[in-house]
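Please look over the structure shown below. The briefing that follows covers its surface and its aromatic rings.

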Amino acid sequence: MKSRHLVMMSLGSAIGTGLFVGTGAGIAAAGPAVLLSFVVASTLVILVMRMLGEMAAANPNSGAFSVYAEKAMGRTAGSTVGWLWWIQLVVVVAAEATASAAILHTMWPVLPQWALALVFIAGFTAINLFGVSKFGEMEFWFAVLKIAAIVVFLAIGTALILGLLPTANSPGFSNLVGHGGFMPNGFSGIAAGLLVVIFAFGGTEIVTVAAAETENPERNVGKAIRTVVWRILVFYIGSVLIMITVLPWNSEELGASPFVAVLTFAGLPGMQTAMGVVIAIALLSALNANLYGASRMIFSLSQRGRAPAGLSKLSARKVPQAAVLASVGFGFITVVLNYLWPETVLRLLLNAVGSTILVIWGAAIVSQIILRRRADRDPDVKLPLKMWAFPYLSYAALAILAAIVTLAFFDPAARNQLLATSALTVGIAVWCLLRDRRKARREAAVSGAAVERNQYESR
């Protein structure tokens, strides 16, 4: 991939359903104080991405945080992180195909929902099989469209607040403190909003996976990571500020679809349909990126002997075709499920994803702390990109993550997700540990047999 591909991917990777749809749930939970939830979540994401950037610039690898966890904490930790992330992504790929099909079917019911999902999965599988340059180009233009949509939304929202639109009256700033005040649900509302908001940032870590297939990764990874700060400040916090300023936080329309609600209030014709198309594009972009990320992760696991060997074979285009097909297989299964139960598949898939992102980020933080301490003790190791104020900000990120996990246990829905994710993580870890032990015994047996044969032949 070229430099522009990686940079635009870093700009667009987190602009998905978390921003376009998920912010409505965050606003409903915290009211205008959801801005504080976003500030806390944004701080964590910025710190985690800087830590991942440090490791990716020093060691670009398609296994990314799985490889770093293995180097820092051992084979079982690396395998567990890799398989957990892969499972998360293959479920998300299926969910995104289902959701985008549902949105477009609602607007243009030309094809049944399951047929649209099949077309999307097949189409993006083909794109990923053509080569990383085709994937990068597709993500580049997806990111351009998403960023353009956000910029237009920010411009319309700002003009609306300043009273510059002839189609609607300015709401002023009364909605920020009206309807129960800035914190209508208190600190518990901010905590509940934080749990919703944190998952909106899932997907940013895929940039470190793509770093292995970009030109001059040391320079380009740093360039991509540095865009995270202003991207979050402008796109996320700016968009949310406009939402809670234009409409009351307890508006049903804002809770259901915040972007569409603001544009509808602005009175601009055709904007609701246009935003529906943008949301569908955001979903398809995430599908494309997550299929790429999943295939590269399972490819890396295979290369390291943690997954079937056939998944590490490359085609003439240098594409791990078997890894791509293995990663998309679950998506094709969901097409059948979508045909049978179109109303329930999406909800079940989204619930299955759970809170795996917290485990991935936690592993990344711990890995960075361990690997950075090793690097600082070795005078021969040079880090092209360094974490700010190490180790203080690294430990601060770990503390924020621990606080979020603690808060989640006081929320019934989040607690159930955390427990399910914990059970899945432990199950994967036990399976990886037993698999590694069996492999070690086989290798020891083969090595012992070879030694005995050599001794026998030397006689």
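In which helix does Trp 114 lie? Trp 114 lies in helix α6. The model is a predicted one.

- Helix α14 supplies the largest share, with 4 residues.

**Aromatic rings**
- The whole structure holds 7 aromatic pairs.
- One of them joins Trp 83 and Trp 86 edge-to-face, at 5.6 Å centre to centre and 85° between the planes.
- These two residues are separated by about one helical turn because they are 3 residues apart in helix α5 (residues 75-107).
- Trp 83 and Trp 431 also form an edge-to-face pair, with ring centres 5.6 Å apart and planes at 85°.
- Trp 83 is in helix α5 and Trp 431 in helix α18, so this pair ties together parts that are 348 residues apart in sequence.
- Trp 83, Trp 86 and Trp 431 make up one aromatic cluster.
- Trp 83 counts as buried at 12% relative accessibility, as does Trp 86 at 15%, whereas Trp 431 counts as partly exposed at 40%.

**A loop residue**
- Phe 410 sits in the loop between α17 (392-408) and α18 (412-458).
- Its relative accessibility is 68%, so Phe 410 counts as exposed.
- The C-alpha atoms of Phe 410 and Ala 192 are 9.2 Å apart, although 218 residues separate the two along the chain.

Terms used. Residues numbered from 1 in each chain as written. Predicted model: local features only at pLDDT ≥ 70, side-chain atom pairs only at ≥ 80, totals over all residues. Heavy atoms only, no water. Buried < 20%, exposed > 50% of the residue type's maximum accessible area, 1.4 Å probe, protein only. Phe/Tyr/Trp six-rings, centres within 6.5 Å; stacked < 30°, edge-to-face > 60°.
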